[in-house]
Amino acid sequence: MKHARAWVSRLQLPALAAALATSVAGCVNIGTGGKVDAAATSVKTAADAATAGVERFASQGEPLPPQELRMRVETRQFAADFAAAVRRTADAIAAGSDDENVRINALRWKIGASEQARRAALRLDPQLALVDVWSLALQMDAFLRTGGGANAFKAQQAIALETSAALVNSANSLAARLLTDDAFRRYGELVRDFTSAEPMTGLGMQRAPIADRWRPVAAELGAPLKTVGSVPEVIADASDRLDAYGQQMPDELRWRGDLYMTESGFAGSIRGLDAQVARLSDIAAERSDQIAAAAAEVRTDTLGTIALFDRRWGETLGTLRVERQALAEDFAETRDRFDLAVQREREALAKLIAAERLAITADAERISKDLTEMAVQRAKEFLREVAIYGYLTVLLFVGIGFGAGLVIGRARAARRGG
């Protein structure tokens, strides 16, 4: 609710700026009698432009470049396709094998692929996420082809190798499409060296972080760590993260439950229990005197199975607590980035409003000064014209009297002489 009120206040600021500009322009027109309409119109136009700039700033913030946004979207889509391809292949391997170890390895593989692909794709910097997903595909292919997983699926190994090779080709194509030629070459060398230096050690696909090796290369390419982007982009990023967790976490928890049951022998115990029940039915049909012994045997097996289930269930709850803590930390990080973006834009908006207000005030003072100087100049000109006309009037009256006296004097002199 606090953030909502803050955003309402942000949306009100452009309207206040527009009202201020209109008021200043109106006062100037009234005070000058229309002599400086052009100047007042210029002030109002400048204020309207500033208001439009404020509105654009409030809506855009500091967005990531379009290329970076495209890279983020396509990288996360590739990570989702990566996890889906591994899941389909692992299910096919498990369905086509009777070996319990192969089925367990298939479960571990799709759990590890889902977790690692999600973590790599949700990196903050789009380029780091792309490089991390790219290296994940290469590391998985090397692990299944020549590493510790070369015989993980036995007769079904070729299916896994076909999928891993296809994912490597897709990762190479994605990087070539999204990166410049120089960046593709440098990052390609980085992921190949990283794959050789940091091979996977298990189907859980736990990996060393590549960020420390990526940063120097990114700095050389002029691609430092990006900002979190504008507020709409931060919200979209948080929505993508929630969607990724919501889609994948239920499947991963179910797979972990299946893995625990298979590894612990609980599934075998269930099948043994079914066999015991079938044998009990046969015995009941043949010998009623053996029913009690069979029932006791079933009871013993059942109690052992229940105890094993309780222990494994406790381990599952512990894993759920760890995953919940990791999810809470990720949400807290996203919220902190969102608050940081909002605070930065609020401060920048306040500075922009203050600067525009000072500019409008300065223009109003300049116009007022120009009007005063113009009025004084017109007054001086008017007084100069009055003085000239008055002087001419005095000269006219004096000249008329002098001329009349001269004419009359000459006429009288002529009479006397005659």
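Select F184 to begin: at 29% relative accessibility it counts as partly exposed (buried is under 20% relative accessible area, exposed over 50%, partly exposed in between, with a 1.4 Å probe and protein chains only). This is a predicted model, where local features need pLDDT of at least 70, side-chain atom pairs count only at pLDDT 80 or more, and totals for chains, interfaces and linings use all residues. Residues are numbered from 1 along each chain as its sequence is written, and side-chain values use heavy atoms, with hydrogens and water left out.

**Aromatic pairs**

Rings of Phe, Tyr and Trp (its six-membered ring) pair if their centres lie within 6.5 Å; planes under 30 degrees apart count as stacked, over 60 as edge-to-face and the rest as tilted. That rule gives three aromatic pairs.

Select W109 and F153. Their ring centres are 5.2 Å apart and the planes stand at 45°, so this pair is tilted. W109 sits in helix α4 (residues 100-121), F153 in the loop between α5 (126-145) and α6 (157-178), 44 residues apart. Helices are DSSP runs (H or I, at least four residues), numbered from the N terminus. Both residues of this pair, W109 and F153, are buried.

Ring centres lie 5.5 Å apart with planes at 10°, so W134 and F184 are stacked. W134 belongs to helix α5 and F184 to helix α7 (residues 181-197), so the pair ties together parts 50 residues apart in sequence. W134 is buried, at 2% relative accessible area.

**Last stop**

Stay in helix α5 and select D141. Is D141 buried or exposed? D141 is buried, with a relative accessible area of 14%. Beyond its neighbours within four places in sequence, D141 contacts L161, S164, A165 and V168 (contact means heavy atoms within 4.5 Å).

How values were computed. Helices (H or I, at least four residues) and strands (E, at least two) are DSSP runs, numbered from the N terminus.
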